[in-house]
Amino acid sequence: MNLDSLPLGPLERALLASLRRLEPSAEPLVLASAALLCAALEQGDVCLPLARLAGQRPWPEHDFTLPPLGEWREGLEASSLVGMPGDFVPLILTGERLYLARYEAYERQLAAQLLARAGDRPAVDETRLSESLTRLFAFNASSQAGQRPDWQRLAAAQAVRRRLAVISGGPGTGKTTTVVRLLAALLEQRGGHPQDAGLAIGLAAPTGKAAARMAEAIRGAKAALPVEQAIKDALPEEARTLHRLLGSRGDTPAVRHHAGNPLALDVLVVDEASMVDLALMAKLVDALPPSARLILLGDKDQLCAVEAGAVFAELCEGRGFDAAAAAELERLTGQAVAVEPPSSALGDAVVLLTHSHRFAGDSGIGELARRINGGDVAGTRQLLQEGRPDLAWNAQPTPQDLLERLDQGYGPYLAAARVGEPAAAFAAFNAFRALCAQREGAWGVAGINEALEARIKRRVQVAGRERWYVGRPVMVRQNDYALGLFNGDIGLCLQTDHGLRVFFESEDGYRPFAPARLPSHDSAFAMTVHKSQGSEFAEVLLALPEQPSPLLTRSLFYTGITRAKRKVEIWALAPRLAEAVATRAERAAGLAERLAAVPARQAPGPASASTQLGLFD
Ligand SMILES: Nc1ncnc2c1ncn2[C@@H]1O[C@H](COP(=O)(O)OP(=O)(O)OP(=O)(O)O)[C@@H](O)[C@H]1O
């Protein structure tokens, strides 16, 4: 095989060049495997799953065929570039997975540290905990009569009793409600003098926007807590990004905090944890003292991290309560939970919140979310044709119609922008948002923004070459710590006495910037579903591409529609809609297997039917 004729990208070629320098006589099969691994990492996989690819032609435009599994493994094992976990070689083969050494080390270390954390039980005053939980979740005793057990209370109980808690739930299922209460219960464990006892609680999230939202939600939830003022005062008010928390150093992968220089925290709560990739999660867990509690909040059904790994979803696999855990929980909370032995060693650290208080009752969005996550293509299509007030489907979209609809949808915002009052402009902008699956193409973010901007500029008589005009919304593309602007932040261009200024939301109001001072940015009438993670809008218009795309997956579709609070409008051809519902993106990784309660070969296959399968029940 001639490697030079393979259709490889620059990253793959650079990797092959460095492997050839290390081993000039490396076999083409080993180098081709490394190139495939590199491409897999770029797509979000942590490793190359040999069993899935053996015997196939990985590059359709090239006649190279991968050997059968056994032969492939033997070929790799014979190479000096490939070794076992812990070996000082660039590629690691474990079982049927090929890793870059660094990723194998991240995954192995993360699994070991999570297992150690899960096995170590902190001392808990059970009587006090039971009393705290009864009081803090009393509101559920009356309102949730039909929704037994009270998973919010159970999640709180697990988080206090364990050093690791994983709480997954869709929008409005009460993750914030639960976490403030569980933090209050933890503080009450300290005997009513939380400040003297000095419980250091940290709040963090993967993005600046998510961190700000979390801090705001926690500040807002404090007031209603049935606890002493001292406990409220001891609850944290600020949240940081994970990069800031860990002390990232520019472009190097090294961080200031690690096992040798741990974070000074007793409890760390991480929101939007499904957006955290393997490398960052491994560094985070390494930097947290073994005695600290780690509470991960997220939505396992949402899109995963942009970088490699699907850690949060993997942690949620194989959950369940064995008889002892169920009995303990019943004693503490008075809630009976079904016994279902977990197939993951972390199984009982995971609790799903399944009842959405936002999409309750006859909410079409809630029902749509359920059908999409269930992979129900026919049911999704049928629901969208029922004429529910909060759902609309345009099955024959044209770019011209879309432009007109967007111009109309953003009309109230553009009118508010002309008045120049930032609060009203932001409120109007958050009332309607166009989301796309991808960046490129006529149905991508770039194409839609360009066409819509040209139309708006024509109407308000701004020259086409002018980048700035009243109402231009932008999204920041890189973190600028000096200015306090972060990747994903949204700014709105408004007229002021000093000329055009771009306003950004901040804790104490709105901060104006001269357009020339902004870090790199894009126009943001339309944004990708990826970038919309962690945000919500009253109405969402979700436009799917005309052509089939590997980006069209169930998690993308689900994430997109659940950004809407009041109404969602889907612009998609029927086949694209069906593909999105039917396609489950599975990332290749080995974390779930490393966390298995029993060795994988004896494990009872994928998680059996769970008592907590439902999404929004
Ligand atoms: N058990 C409950 N009973 C009644 N209302 C509740 C309950 N739990 C949460 N809510 C309400 O539902 C809304 C969403 O709750 P919360 O913000 O805690 O959910 P979340 O999962 O953090 O949401 P998000 O998707 O915004 O992250 C809030 O208005 C909250 O007051």
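In this predicted model, 15 residues sit around the ligand, and the ones that come nearest are Asn 140, Lys 175, Thr 176, Thr 177 and Arg 213. Sorted by class, that shell has two nonpolar, nine polar and four charged residues. Two helices, H7 (138-143) and H9 (175-189), each supply at least two residues of the shell. The largest share comes from H9, with three residues.

| Residue | Protein atom | Distance to an oxygen atom of the ligand |
|---|---|---|
| Gly 174 | backbone N or O atom | 3.0 Å |
| Lys 175 | polar backbone atom | 2.9 Å |
| Thr 177 | polar side-chain atom | 2.5 Å |

So how much of the ligand does the protein cover? On its own the ligand has 620 Å² of accessible area, and the protein covers 68% of that.

Next, a pair of helices. Two packed helices are described by the angle between their axes and the distance between the axes. For helix H2 (residues 28-42) and helix H4 (residues 69-77), the axes come within 9 Å and cross at roughly 100°. Angles from 65 to 115 degrees count as roughly perpendicular, so H2 is roughly perpendicular to H4. Which residues meet there? H2 brings Leu 29, Val 30 and Ser 33, while H4 brings Trp 72, Gly 75 and Leu 76. In class terms, this contact of H2 with H4 has four nonpolar and two polar residues, and no charged ones.

Last stop: Arg 97, which lies in strand S4 (residues 97-100). What does the side chain of Arg 97 reach at 3.4 Å? That would be the backbone oxygen of Ala 589. The Arg 97 side chain also makes a polar contact with the side chain of Glu 593, at 3.0 Å. If you set aside the neighbours within four places in sequence, Arg 97 is in contact with Cys 47, Leu 48, Ile 92, Ala 589, Gly 590 and Glu 593.

Methods
Residues are numbered from 1 along each chain as its sequence is written. This is a predicted model: local features need pLDDT of at least 70, side-chain atom pairs count only at pLDDT 80 or more; totals for chains, interfaces and linings use all residues. Side-chain values use heavy atoms; hydrogens and water are left out. Axes are lines fitted to C-alpha atoms, for helices over the stretch in contact, and angles run from 0 to 180 degrees between N-to-C directions. Helices (H or I, at least four residues) and strands (E, at least two) are DSSP runs, numbered from the N terminus. Angles under 35 degrees count as roughly parallel, over 145 as roughly antiparallel, 65 to 115 as roughly perpendicular and the rest as oblique. Contact means heavy atoms within 4.5 Å. Ala, Val, Leu, Ile, Met, Phe, Trp, Tyr, Cys and Pro count as nonpolar, Asp, Glu, Lys and Arg as charged, and the others, Gly among them, as polar. A residue is near a molecule or strand if one of its heavy atoms lies within 4 Å of it. A polar contact is a pair of N or O atoms within 3.5 Å; within protein, one must be able to donate a hydrogen and the other to accept it, and residues adjacent in sequence count only if both atoms are side-chain atoms. Accessible areas come from the Shrake-Rupley method with a 1.4 Å probe; for residues, only the protein chains shown count as cover.
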